[in-house]
Amino acid sequence: MSDRAANGGGKATDLLPGFIQRAIQGVRYAVEGVAPSTFFGPLQPLAPMAQEAGGRQFDYPVGVNIHIQPRSTEGVSFAQLRALADNYDLLRLIIETHKDRLCRMTWKFQAKDTAARKKDDPRIAALRDFFASPDKEHDFATWRRMLLEDLFVVDAPTLYVRRTKGGITGPSVPYALEIIDGTTITRKINADGRTPLPPDVAYQQILKGIPAADYSRDELLYLPRNVRSHKIYGYSHVEQIIMTVNIALRRQMHQLEFY
């Protein structure tokens, strides 16, 4: 290029790396066989403005991690869901009935390996002893009812992994699994819209309107049942029937006013 430019009296100019990169990207996102002359054709796709955002789970709000109030991005708050579950007596009876049915179910631990089931596995005994009182305060039935309450009403069952001073006491058994009010927990996400891995902060507990404590994924078990790809928080049973509950409450108030 330099010799030809010298013979022709022109000036040789090196192409900038950025120009070459843009040209390569333009070819990359071109669809083969699509031309402007194609009769009512689909045309070429627009080049992406932020290719580094590939793999992002959903289009989350900008700066969502600095939101303090849990569930602030949703149309229905945790407090409203609990108020609906507590004030509509029929819904409360349904919730309590399901809690009773689940708590009547028997439970046991056994090894996955069929051959190992015939032997006395000390891990089975350790798990059985641990879940007799998982939080060292309530028995398993009471502990499970507390967890089911947060599952049905707000879909935010949360467990704090209480370790001994020396760490985990066994291969998989902590000192205690303590229930935390899931409505005080706000989720944090990484750039991809997913829960950060340890040791990064994955959850914050909001007390008195301020961030009180940070938790990583191995310190706090935040276990919503009905998760969705475009939402940060779970979709509880109460939220799914929120319109029906509102109508029922207004009908009850109308009947009360009548009598």
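This is a predicted model: local features need pLDDT of at least 70, side-chain atom pairs count only at pLDDT 80 or more; totals for chains, interfaces and linings use all residues.

Reader: Which residue does D181 form a salt bridge with?

Author: First the general idea: side chains of opposite charge can pair when their charged atoms come close. Here D181 pairs with R82, and their closest N and O atoms are 2.9 Å apart. The two sit in distant parts of the chain, 99 residues apart: D181 is in the loop between β2 and β3, while R82 is in helix α3.

Reader: And what does D150 meet in a salt bridge?

Author: R82 again, with 2.9 Å from N to O. That pair also links distant parts of the chain, since D150 belongs to helix α6 and R82 to helix α3, 68 residues apart. D150 is buried at 7% relative accessibility, whereas R82 is partly exposed at 27%.

Reader: How many salt bridges are there?

Author: The count comes to twelve. Some form a network that links D86, R92, E96, K99, D100, R145 and E149. Another salt bridge joins E178 to R162, at 3.0 Å between the closest N and O atoms. E178 lies in strand β2 and R162 in strand β1, so this pair ties together parts that are 16 residues apart in sequence.

Reader: How do I read a helix, and which residues of α8 are buried?

Author: An α-helix has 3.6 residues a turn, so residues three or four places apart point the same way. In α8 the buried residues are V245, A248 and L249. They cover an arc of only 100 degrees around the axis, which puts them on the same side of α8. The buried residues pack against α3 and α4. The face turned away from them carries exposed residues, including M243, R250 and F258.

Reader: How do strands β4 and β5 run, and how many bridges join them?

Author: They run antiparallel, joined by five bridges. Q204 stands opposite D214 in β5. Two residues lie between the strands of this hairpin, where K208 takes a positive phi near 55 degrees.

Reader: Where is confidence lowest and where is it highest?

Author: Helix α1 is lowest, with a mean of 51, and β4 is highest, at 97. Over the protein chain the mean pLDDT is 86, with 85% of residues reaching 70 or more.

How values were computed
Residues are numbered from 1 along each chain as its sequence is written. Side-chain values use heavy atoms; hydrogens and water are left out. Buried means under 20% relative accessible area, exposed over 50%, partly exposed in between (1.4 Å probe, protein chains only). Helices (H or I, at least four residues) and strands (E, at least two) are DSSP runs, numbered from the N terminus. The arc is that of the directions from the helix axis to the C-beta atoms. Contact means heavy atoms within 4.5 Å. Two strands pair if DSSP finds at least two bridges between them. pLDDT is the predictor's confidence in each residue, from 0 to 100. A salt bridge is a side-chain nitrogen of Lys or Arg within 4 Å of a carboxyl oxygen of Asp or Glu.
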